[in-house]
Amino acid sequence: LAQEELRHRVHPAPRRISPARPARARPAGMNSLLKVCTWNAQMLPGVFAGQGGTRTDIAKRAHAMANNILCCSRADAIDVVCLQEMWEVEAAKALKVALREEFPFVYAPSARCGLMIASKFSMVCNHFTALPAKGVERLSLTKGVSTSFLRLTAAEDPTTRVAIVLNTHLQSDYWSSGRDTRAKQISCIKDVVHRAEMECAGNGY
């Protein structure tokens, strides 16, 4: 469940990304671990605390993030990337393009929710569920949780195995009664997990 912020220091001059290579297919019916990276991108334009700076700053961050994600991918350390706070549309597009050779399957419900999943595995289906929120986050954003069913077996395989990956960003105002809202959100997410499990069972995954 991708919900915690992963801090990242952007270097002024990130290393140049080496030429991309095609994503390597994982063995059908694989039994190894699915390696998931979660990253709060902080792509909210603005100069106040919690914001990501100018759009130029955010574009540089997107480039540096792509560089680091691809370096980890080429060391076989990442299969799926769950991103939060992807609110700057152009930077989000640039990051998606930079990753598409190795993470060709992407689900991003909408810019207002700020969520994106990029995967080496194809997606059987995806869902987005809105969550309760309060204050500015209720008025300006669409808080929610995305659910992606990633195919772990070949498309022609008679038996489909999937991994269920959830991505979310909970209410973030730690200075007030935000914890009450987060408790409600977590309760909703538990229901989402249950429905995903039922959907798998109903489809024979």
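This is a short tour of the model you have open, with something to select at each stop.

**Before you start**

You are looking at a predicted model, where local features need pLDDT of at least 70, side-chain atom pairs count only at pLDDT 80 or more, and totals for chains, interfaces and linings use all residues. Residues are numbered from 1 along each chain as its sequence is written, and side-chain values use heavy atoms, with hydrogens and water left out.

**Stop 1: the whole chain**

Show the chain as a cartoon. Helices (H or I, at least four residues) and strands (E, at least two) are DSSP runs, numbered from the N terminus. Of the 205 residues, 40% count as buried; that means under 20% relative accessible area, while exposed is over 50% and partly exposed is in between (1.4 Å probe, protein chains only). Now think about contacts, meaning heavy atoms within 4.5 Å. Among those between residues at least 6 apart in sequence, 66% join residues at least 24 apart.

**Stop 2: helix H1**

Select residues 55-74, which make up helix H1. Its 20 residues reach 29 Å from first C-alpha to last, close to the 28 Å expected at 1.5 Å a residue (the expected span is 1.5 Å times one less than the number of residues). Colour its buried residues, including Ile-58, Ala-62, Met-65, Ala-66 and Leu-70. What do the buried residues of H1 pack against? Look for E1, E2 and H2. Then step just past the end of H1 to Asp-76, with its positive phi of about 60 degrees.

**Stop 3: the largest nonpolar core**

A nonpolar core here is a set of buried Ala, Val, Leu, Ile, Met, Phe, Trp, Tyr and Cys residues joined through side-chain atoms within 4.5 Å. Select Met-43, Leu-83, Met-86, Leu-95 and Phe-103: of the 21 residues in the largest core, these touch the most other members. At least two residues each come from E1 (36-40), H1, E2 (80-84), H2 (89-99) and E4 (116-119). H1 gives the largest share, six residues. Zoom in on Leu-95 and, skipping residues up to four places away in sequence, you'll see it touch Met-43, Ala-62, Met-65, Ala-66, Leu-83 and Met-86. Apart from this core lies another, of 10 residues, among them Tyr-107, Met-123, Leu-150 and Val-165.

**Stop 4: Ala-98**

Stay with helix H2 and click on Ala-98. Is Ala-98 buried or partly exposed? It is partly exposed, because its relative accessible area is 31%. Leaving aside neighbours within four places in sequence, Ala-98 is in contact with Ala-66 and Leu-70.

**Stop 5: helix H4**

Select residues 178-203. These 26 residues of helix H4 should span 38 Å at 1.5 Å a residue, and the end C-alpha atoms are 37 Å apart, which agrees. Buried residues here include Arg-182, Ile-189, Val-192 and Cys-200. The buried residues of H4 pack against E5 (123-130), E6 (144-151) and E7 (162-168). Just after H4, Gly-204 has a positive phi of about 75 degrees.

**Stop 6: a cavity**

Finally, select Glu-85, Trp-87, Arg-112, Cys-113, Leu-141, Thr-142, Lys-143, Gly-144 and His-169, which line the largest cavity. Its volume is about 50 Å³. On a 1 Å grid over the protein atoms alone, a cavity is a set of points where a 1.4 Å probe fits but cannot get out, and lining residues have an atom within 4 Å of a point.

Terms used: On a 1 Å grid over the protein atoms alone, a cavity is a set of points where a 1.4 Å probe fits but cannot get out, and a pocket is an open set with protein on both sides within 12 Å along at least five of seven lines; lining residues have an atom within 4 Å of a point. Grid points are joined across faces, edges and corners, and a volume is the space filled by probe spheres set on the points.
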